[in-house]
Amino acid sequence: MRQPANSGSVFDGAAACYDRVRPGYPAAVMPEAIRLAGLGRGDRVLEVGCGTGQATLPLAREGLEIVALEPGPALARIAQARLAGFPNVEVVLEPFEAYGAPHARFAAVIAATSFHWLDPDVRVRRAAELVRRGGALVLLSNVQRLSFSEFFERVQAVYQVHLPEWPARDLAATWSHIPEQIEDVDRGGWFETVAVRTFDWRVAYPRDRYLELLRTFSDHRSLPEPRLTALLADIGTLIDAEFDGRVVQPWRTILQVARRSAQGVEVEAS
């Protein structure tokens with residue numbers, strides 16, 4: 001799987017926009033994640049790539065003690081402001097791969113739509129170093145359910161006009177990392193997946209908010225500004241002309257919970 005640049009550098013320049021328009025998670029997801037992971041109030045967990053704290057906030061409300069890692073300074077500042085009222089949360093400006101836990105291992109490592117940004121050669125082993133025996137690795141992934149969207153079918157012509165060098169936007173493209181991620185967790189013998197759950201939901205985006213959302217996607221952010229502006233202008237025209245000024249985006253949240261093996265391969269904590 002091709003690995004993009006670190007999320008801290010990709011998204012940090014659009015931190016405020018990211019915070020406004022990126023979807024959070026359905027209300028049922030975090031309680032189910034906590035239940036499946038066997039977590040309770042006061043348990044100490046490590047969150048990987050907390051971004052602006054969208055997933056951190058509901059976890060904090062459940063009474064978990066959270067160390068939230070975020071390598072992007074602008075993203076981290078927004079997270080710190082959002083979580084200022086929770087003394088049980090510490091936002092740390094540091095990448096997951098470099099973090100050295102100063103205390104005992106965590107009850108869980110949690111990654112909310114961030115695990116696919118980590119180096120696949122080290123991410124599971126590093127999580128195993130930081131999770132105590134019997135603890136959990138909790139992965140959340142938000143993916144677009146594009147095949148359920150009439151708008152997706154219509155907007156392809158706009159992309160072909162502006163970006164003919166881009167391959168046709170595959171209906172499965174936003175899912176491509178999920179099967180590999182699920183298999184990767186079990187591969188080293190440090191974790192065993194105990195549950196995979198899916199949650200389907202929708203978000204209605206007014207025209208301008210949807211165009212802002214596109215500006216937070218890594219492939220769009222890689223475009224030169226004149227090309228991106230022209231692309232978004234024509235997408236906006238399509239939304240106004242054929243979709244009454246809004247896009248209803250189907251999303252799926254995939255929750256994977258794996259248990260740190262009591263019998264698996266041991267790793268030394270760094």
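Visitor: Which helix do Glu32 and Arg35 lie in, and how many residues apart are they?

Guide: Both lie in helix H3, residues 29-37. They are three residues apart, about one turn of the helix. Keep in mind that this is a predicted model.

Visitor: What do the side chains of Glu32 and Arg35 form?

Guide: A salt bridge, at 2.9 Å from N to O. In general, side chains of opposite charge can pair when their charged atoms come close.

Visitor: Is Glu32 buried or exposed?

Guide: Glu32 counts as buried because its relative accessibility is 18%, and the cut-off for buried is under 20%. Arg35 is exposed, with a relative accessible area of 53%.

Visitor: Which Arg other than that one meets Glu32 in a salt bridge at 3.5 Å?

Guide: Arg197, with 3.5 Å from N to O. That pair links distant parts of the chain, with Arg197 in strand E6 (residues 191-206) and Glu32 in helix H3, 165 residues apart. Arg197 is partly exposed, at 33% relative accessibility.

Visitor: Changing topic. What does Asp240 form a salt bridge with?

Guide: With Arg207, and the closest N and O atoms are 3.0 Å apart. Asp240 is partly exposed at 43% relative accessible area, and Arg207 is partly exposed at 24%.

Visitor: Which residues in H7 meet H11?

Guide: On the H7 side they are Phe151, Arg154, Val155, Val158, Tyr159 and His162. The H11 residues they meet include Ala230, Leu231, Ile235, Leu238 and Ile239. Arg227, Asp234 and Glu242 are also among the H11 residues in this contact.

Visitor: How do the residues of that contact divide into nonpolar, polar and charged?

Guide: Nine are nonpolar, one is polar and four are charged.

Terms used. Residues numbered from 1 in each chain as written. Predicted model: local features only at pLDDT ≥ 70, side-chain atom pairs only at ≥ 80, totals over all residues. Heavy atoms only, no water. Salt bridge = Lys/Arg side-chain N within 4 Å of Asp/Glu carboxyl O. Helix = DSSP H or I, 4+ residues; strand = E, 2+ residues; numbered from the N terminus. Buried < 20%, exposed > 50% of the residue type's maximum accessible area, 1.4 Å probe, protein only. Contact = heavy atoms within 4.5 Å. Nonpolar A, V, L, I, M, F, W, Y, C, P; charged D, E, K, R; others polar.
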